[in-house]
Amino acid sequence: MTAIKHALQRDIFTPNDERLLSIVNVCKAGKKKRNCFLCATVTTERPVQVNVVKVKKSDKGDFYKRQTAWALRDLAVVDAKDAVKENPEFDLHFDKVYKWVASSTVEKNTFISCIWKLNQRYLRKKIDFINVSSQLLEESVPSGENQSVAGGDEEAVDEYQELNAREEQDIEIMMEGCEYAISNAEAFAEKLSRELQVLDGANIQSIMASEKQVNILMKLLDEALKEVDQIEMKLSSYEEMLQSVKEQMDQISESNHLIHLSNTNNVKLLSEIEFLVNHMDLAKGHVKALQEGDLTSSRGIEACTNAADALLQCMNVALRPGHDMLHAVKEQQQRFSDLREQFARRLASHLNSVFVQQGHDQSSTLAQHSVELTLPNHHPFHRDLLRYAKLMEWLKNTDYGKYEGLTKNYMDYLSRLYEREIKDFFEVAKIKMTGTTKEGKKFATLPRKESAVKQETESLHGSSGKLTGSTSSLNKLSVQSSGNRRSQSSSLLDMGNMSASDLDVADRTKFDKIFEQVLSELEPLCLAEQDFISKFFKLQQHQSIPGTTTNEAEEMDGGILSRSYTSGGPQTISSEKDMIRQMMTKIFRCIEPELNNLIALGDKIDSFNSLYMLVKMSHHVWTAQNVDPASFLSTTLGNVLVTVKRNFDKCISNQMKQMDEVKISKKSKVGILPFVAEFEEFAGLAESIFKNAERRGDLDKAYIKLIRAVFVSVEKVANESQKTPRDVVMMENFHHIFATLSRLKISCLESEKKEAKQKYTDHLQSYVIYSLGQPLEKLNHFFEGVEARVAQGIREEEVSYQLAFNKQELRKVIKEYPGKEVKKGLDNLYKKVDKHLCEEENLLQVVWHSMQDEFIRQYKHFEGLIARCYPGSGITMEFTIQDILDYCSSIAQSH
């Protein structure tokens, strides 16, 4: 109740310039027990107003608010129900009757007594107290107030003195004679000056008139001189008589020296006694504070702190040689030791109870955080405990054993409290991560055990532990049937353009936000606790204790204090900075395993989540290291970052492994390979995640490994392909890779982009030459024979004289290839190419245009041979280059 009263005074009444005198915990009679507080208050300003205030706990938070206030002057009746038996019920009659039930009879009686005293002191109105014990209605007016009023009156009397009758009469006469004095002060002052001069002249004349008396005075002076002469004669005789006493006086002088020496010794002794009294005397108020001081109120804590400092000064006073042999000093030192031991024991017991009490209060607020991804705020707990920081420093300097015990108890208790909070927090995070499946199923939003989350996760993604999301799509693509191959390839192309499906993007974005929120909640929690530990236990975060070493430190029970005992007391071996880190490790021992479990869950949900985690964790580690590289937070996040980096490397390795294991259908054309689309998805996602990230170098290394594996796997699949020509597999996939790298503009893959373009160009040309072949086969064989004769040494213009290659044979071969046949051959070629190429890459027109150029090149070659070998013969092909262009265009448009 004291803590509640202190909180109400601080939060509600102090801002309104009111003072809380009494409080009772009540609820309305006959209704559901919704507790509230009735408070008796007075204002700090005059005239004093007395109120009865109803205070209720807010529904939205853990704070109190002022609900209703009644003036005490409006109170008519106080009915306590029963003056003999204990009864918690009572009624207050204001504008209507309010029926209350107090939490205890003692609180009710205390509150009614306070109401009666306030009425007697400030109001003195007729309030009927019914069924109230006469013992409660005892008037108690503070004597200090009366004394203060009386003292003020006496002081006022001393300052003010009444005029006597003579002075009153003179002032009245003067004022009557000078009526203008008030209106004309200068004239009044001038008149007083003239009257004063007249009085001075009268005095001088009076003195001159007393010459006779002066003569008498002179005679008396002469007689006095005669008496003086007689006295001098007697003194001379006395001096002669004192000559005989001189020797006696010398002896007395020697005695005075001894007396002076004795006095000097007495002064020194007094100084020593005063030193001991001044430095080893503890005030009674300090002794009472150490023995009985209130350790719950701010005023009591301040009094105990001052008393503890005074006791420490008395115990640490530098005694002079011989002081420790005095019996009184020994007794005083023993008394100080008993006081120190008694107060240290009482302080340790109280702080331990505060730890437990604050734990219960903190546990009561855990429910409201159970469904929200937030950690409870410990600031009120820290704020209340920091009031004892100076006392903790005193305990550390005077009784290190109890200080260490408090430290250990704090760690043991806080570790359990934080473990509950952090585990519940991480359970909520896991639920949110796995809250929506791809089939739209929802999980419960209440915290559950980690095993339940794992079971649900396995039920979602399979017990085999294979990655879902991006990797599962690869397995699906590898087993597509030939019937729906084109539609699947089209969807794969769409996926490449989008970087992921809409659902995957939403899931990954949700995971990224949850993971960032987890880290953002953990950081301030750890920093606030570390700052509190350094302040409360008086440990320096950035300095080491002089004369200590860190090599010999040994962790004890979670690593609190490593030390060796000497005759002078406990000697700390590890630095205070290491001590803070050891305490933080003990208190937050569950953070690192919980983070690792959360990371494992995220990696199991989707292997690409490791990219988000690597970026977020790297940023938070970089931030923590800038604050303090050796802090607990920096060390813990650094350890977790190693796990995240390992998962990232595992994700890359799995993708490379799946490239080696990919299988293609023998009955359908290959098209864009699954791992090529997967690389596009990975690169697009990675570029969006690693934009301006600290760990860009890790991604660049992963890019190099993946792209080289993609190149090798494309060539492997192209060599194994039976349905689709090798050049088509190489051409389409390297074109897709080149387009992806050109769009993403990844600087570390510039050489791979050029290589992909070169491979695409080479295999395009190779496929065109192979597929086109010799569309005019007989004509081609004829001119091969012509070129062979020329190679044997026959002149080109003489080839026509050869029997097998004369003009007649040439005309016969040309007639076999009219325009209609040529167009039909080209149409068949177009259909063949269309069967080989996939729709998603859309390279058909590019390949067809290249074949058109190659065919025209062959046509020009044949025309050149005819012009050189058969000059003037007038022999020409039955179709022209324009016909070829028309055939190709017509075929492309018809399909």
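The structure, a predicted model, holds 28 aromatic pairs.

Student: How is the pair of Tyr400 and Tyr403 arranged?

Tutor: Rings pair by the distance between their centres, and the angle between planes names the type. Here Tyr400 and Tyr403 are 5.5 Å apart, centre to centre.

Student: Where do Tyr400 and Tyr403 sit in the chain?

Tutor: Both belong to helix α13, residues 400–433. They are 3 residues apart, so about one helical turn separates them.

Student: Are Tyr400 and Tyr403 buried or exposed?

Tutor: Both are buried.

Student: What kind of pair do Tyr403 and Phe537 form?

Tutor: Planes over 60 degrees apart count as edge-to-face. The planes of Tyr403 and Phe537 stand at 75°, so this pair is edge-to-face. The ring centres are 6.2 Å apart.

Student: Which parts does the pair of Tyr403 and Phe537 tie together?

Tutor: Tyr403 is in helix α13. Phe537 is in the loop between α17 (502–536) and β9 (563–566). The pair therefore links parts 134 residues apart in sequence. Phe537 is buried, as is Tyr403.

Student: Which residues do ring pairs link into a cluster with Tyr403?

Tutor: The cluster also holds Phe355, Tyr400, Tyr410, Phe532, Phe536 and Phe537.

Student: Now helices. How do α12 and α13 pack?

Tutor: Read the angle and the axis distance. Helix α12 (residues 389–398) meets α13 at about 130°, with the axes 6 Å apart. The two helices are therefore oblique to each other. From α12 come Met392, Leu395, Lys396 and Thr398. From α13 come Tyr400, Lys402, Tyr403 and Leu406. By class, this contact has 5 nonpolar, 1 polar and 2 charged residues.

Student: And what are the angle and axis distance for α13 and α18?

Tutor: Helix α18 spans residues 576–587. It packs with α13 at about 40°, and the axes are 8 Å apart. That makes α13 oblique to α18.

Student: Which residues make the contact of α13 and α18?

Tutor: On α13, they include Tyr403, Thr407, Tyr410 and Tyr418. On α18, they are Met579, Met583, Lys586 and Ile587. The contact divides into 8 nonpolar, 2 polar and 2 charged residues.

Student: How many disulfides does the structure hold?

Tutor: A disulfide needs two cysteine sulfur atoms within 2.5 Å. The structure holds 0 disulfides.

Student: Are Cys304 and Cys748 buried or partly exposed?

Tutor: Under 20% relative accessible area means buried. Cys304 has 0%, so Cys304 is buried. Cys748 has 23%, so Cys748 is partly exposed.

Conventions: Residues are numbered from 1 along each chain as its sequence is written. This is a predicted model: local features need pLDDT of at least 70, side-chain atom pairs count only at pLDDT 80 or more; totals for chains, interfaces and linings use all residues. Side-chain values use heavy atoms; hydrogens and water are left out. Rings of Phe, Tyr and Trp (its six-membered ring) pair if their centres lie within 6.5 Å; planes under 30 degrees apart count as stacked, over 60 as edge-to-face and the rest as tilted. Helices (H or I, at least four residues) and strands (E, at least two) are DSSP runs, numbered from the N terminus. Buried means under 20% relative accessible area, exposed over 50%, partly exposed in between (1.4 Å probe, protein chains only). Axes are lines fitted to C-alpha atoms, for helices over the stretch in contact, and angles run from 0 to 180 degrees between N-to-C directions. Angles under 35 degrees count as roughly parallel, over 145 as roughly antiparallel, 65 to 115 as roughly perpendicular and the rest as oblique. Contact means heavy atoms within 4.5 Å. Ala, Val, Leu, Ile, Met, Phe, Trp, Tyr, Cys and Pro count as nonpolar, Asp, Glu, Lys and Arg as charged, and the others, Gly among them, as polar.
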